[in-house]
Amino acid sequence: MGAGKTTVGRLLARRLHKRFIDSDHEIEARTGVAIPVIFEIEGEDGFRRRESQTIADLTQERSVVMATGGGVVLNPENRACLRRGGFVVYLAVSPELLFERTRHDRNRPLLQVADPLARLKELHAQRDPLYREVADLVVENPGSSAQAVAQYLLREFSRNSPEQEDFSCNPCA
Ligand SMILES: Nc1ncnc2c1ncn2[C@@H]1O[C@H](COP(=O)(O)OP(=O)(O)O)[C@@H](O)[C@H]1O
Ligand SMILES: O=C(O)C1=C[C@@H](OP(=O)(O)O)[C@@H](O)[C@H](O)C1
Ligand SMILES: [Mg+2]
């Protein structure tokens, strides 16, 4: 949460002339309510069930840039869908910076606790190895602007597969 998936993903899609999808936005569109309302009514388990179904559906799409929610890597089936479905980027950001970016936001139910930095540290410890397992490309400490991160990704993509315009296929598969 706060790594920049939604922001950088949207910028990247624009630069690649591809459709942008955010799995959280898709879940909100499908349910007609905001993410915090889903957590309130169905709990985290209910949200994770909806998230898995959405990830299974959206990873069938081709030629899109997709941002996920931060907890997507917890479920092995989600990880398999991501690996099969596309080129996966992990924006590896420290818990301290994640905290700075999310501290004034009320839209992330898991961070509405007395000590959100401690929660972010716990989540980071649990999730970081899973992200590294699933990622084709890890961007370490992408602390510069979201524009600069998108620009960096464009350069990396063309360096890794200069002749390939469509990054919906996983060049590492
Ligand atoms: N590289 C970046 N540098 C500075 N601020 C960023 C960067 N990426 C995202 N942000 C800001 O951090 C906040 C969280 O970004 P967001 O894209 O919602 O993250 P995520 O989708 O990974 O939770 C937003 O206010 C966004 O403008
Ligand atoms: O990390 C998580 O478990 C979550 C991250 C959120 O998305 P962002 O990573 O885009 O904030 C959203 O899916 C939900 O609040 C749960
Ligand atoms: Mg997001």
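What share of the 173 residues in the chain is buried? Buried residues make up 28% of them, where a residue is buried if 20 or more other C-beta atoms, placed from the backbone, lie within 10 Å of its own. The model is predicted, so local features need pLDDT of at least 70 and side-chain atom pairs count only at pLDDT 80 or more, while totals for chains, interfaces and linings use all residues. Residues are numbered from 1 along each chain as its sequence is written, and chains are lettered from A and ligands numbered from 1 in the order in which they are written.

The chain holds seven helices and four strands, taken as DSSP runs numbered from the N terminus (helices: H or I, at least four residues; strands: E, at least two). Read from the N terminus, their order is α-β-α-α-β-α-β-α-α-β-α. The radius of gyration, taken over C-alpha atoms, is 16 Å, close to the 16 Å of the globule rule (2.2 Å times the number of residues to the power 0.38), so the chain is as compact as a globular protein of 173 residues.

Turning to the ligands, a residue counts as near one if its C-beta atom, placed from the backbone, lies within 6 Å of it. Around ligand 1 there are 15 residues, of which G4, K5, T6, T7 and R101 come nearest. Helix 1 (5-16) and helix 7 (146-160) each give at least two residues to this shell, and helix 1 gives the largest share, four residues. The surroundings of ligand 2 include M1, K5, T6, D24 and R108.

Definitions and conventions. Buried ≥ 20, exposed ≤ 12 C-beta atoms within 10 Å, placed from the backbone.
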